[in-house]
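Hi,

Here is the structure I promised to pass on. Have a look at it first, and then read my notes below.

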Amino acid sequence: MAPGAFKCIECNEDANELHRDYSNGILKITICDSCKKPVDKYIEYDPVIILIDATLCKIQAFRHILFNTVINIHWKLCVFCLLCEAYLRWSLLQGSQSSSDPADIIRYTKEWDFYYMFALAALELAAFCTGVLLIVWPIRRLCGSSVEFNPLLKALLLSSYGKVLLIPAVIWEHDFSPLCFSLIRLFVLTSNTQAIKVILNCSRRLSLLAVCGGLLLETLVSKALKTLQVCSQDYMPVLY
């Protein structure tokens, strides 16, 4: 393993190893030279405990996941989260289209509506990541620091895992569903803020500013796409 390949989850200092393997299967957790605490206590923890701490947005859990664990499922998680968000938008769209004629909305039309919602969610996610990068990159350059795009993108995608909660919120629909959707969105943005802070080792203010910039660009792109959709529907011939 290359020197400094790991990070201490307490002080964020580089570490060469997480544990030492002695004879007879005896493992000893490495102690950080800087803070004198275990480099990564989570290597002895159950994954469920790590997930709970990540849900609580503990910075130590985020450092363990982003620096000391080999996770290559961020693209699969991204696609799954986009499917969850597309399903939410599609279900709300179908719920708003009430019709007494069963032949009014045919099956393939509903299917293409779902594909459109998936594409819309993907474009908004791309806009959010672009907005974060547009905020972070010039500020870090002014401070004399660099920004690695791939680790930042991976952190943003992994920290958006809260979107999977949209599915049970849709299935178990009740009067408080809009509130649940807003709380899920707030949780995802909070996780994004913590992930940016951890991966860039920056201040809370910069991570909040980056998330706000990404959210602003995402909102602008979403409104532009909805306006384009309305305009296209106005000029689309009626096929009935």
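This is a predicted model: local features need pLDDT of at least 70, side-chain atom pairs count only at pLDDT 80 or more; totals for chains, interfaces and linings use all residues.

**The overall layout**

You'll find eight helices and four strands. Going along the sequence, the order is β-β-β-β-α-α-α-α-α-α-α-α. The protein has 240 residues, and 38% of them count as buried. If you take contacts between residues at least 6 apart in sequence, 64% of them join residues at least 24 apart.

In soluble globular proteins, nonpolar side chains tend to be buried together. Here, the largest nonpolar core has 39 residues, and the members touching the most others are Val132, Leu152, Leu156, Ile196 and Leu200. Seven helices, namely H1, H2, H3 (74-96), H4 (107-142), H5 (149-158), H7 (177-200) and H8 (204-235), each put in at least two residues. H7 gives the largest share of this core, with seven residues. There is also a second, separate core of seven residues, with Val170, Phe181, Ile184 and Val188 among them.

Ile65 is another residue to look at, in helix H2 (residues 59-67). Again leaving aside neighbours within four places, Ile65 is in contact with Ile50, Ala54 and Ile71. Its C-alpha atom is 9.3 Å from that of Ala155, which is 90 residues away along the chain.

**A patch on the surface**

Some nonpolar side chains are on the outside, too. Tyr45, Val48, Ile49, Ile52 and Leu56 make a nonpolar surface patch of about 460 Å². Val48 belongs to helix H1 (residues 47-55) and is exposed, at 51% relative accessible area.

**Salt bridges**

Side chains of opposite charge can pair when their charged atoms come close. The structure holds seven salt bridges, and these are the ones I'd show you:

- Lys163 and Glu85 meet at 3.3 Å, N to O. Lys163 is in the loop between H5 and helix H6 (166-171) while Glu85 is in helix H3, so the pair ties together parts 78 residues apart in sequence. Lys163 counts as buried at 10% relative accessibility, and Glu85 counts as buried at 12%.
- Arg185 pairs with Glu218, with the closest N and O atoms 2.9 Å apart. Since Arg185 lies in helix H7 and Glu218 in helix H8, this pair ties together parts that are 33 residues apart in sequence. Arg185 is partly exposed at 26%, whereas Glu218 is buried at 9%.
- Asp53 pairs with Lys58, the closest N and O atoms being 3.7 Å apart. Asp53 is buried, with a relative accessible area of 11%, and Lys58 is partly exposed at 37%.

Through shared partners, salt bridges also join Glu85, Arg89, Glu124 and Lys163 into one network.

**Cysteines**

How many disulfides are there? The count comes to zero. Cys11 is in no disulfide, and the nearest cysteine sulfur, that of Cys32, is 3.5 Å away, whereas a disulfide needs the two sulfur atoms within 2.5 Å. Cys11 is partly exposed at 25% relative accessibility, and Cys180 is partly exposed at 26%.

Cheers

Notes
Residues are numbered from 1 along each chain as its sequence is written. Side-chain values use heavy atoms; hydrogens and water are left out. Contact means heavy atoms within 4.5 Å. Buried means under 20% relative accessible area, exposed over 50%, partly exposed in between (1.4 Å probe, protein chains only). Patches are made of residues with over 30% relative accessible area and no salt bridge: like charges are joined within 9 Å, nonpolar side chains (Val, Leu, Ile, Met, Phe, Trp, Tyr) within 5 Å. Accessible areas come from the Shrake-Rupley method with a 1.4 Å probe; for residues, only the protein chains shown count as cover. A salt bridge is a side-chain nitrogen of Lys or Arg within 4 Å of a carboxyl oxygen of Asp or Glu. A nonpolar core is a set of buried Ala, Val, Leu, Ile, Met, Phe, Trp, Tyr and Cys residues joined through side-chain atoms within 4.5 Å.
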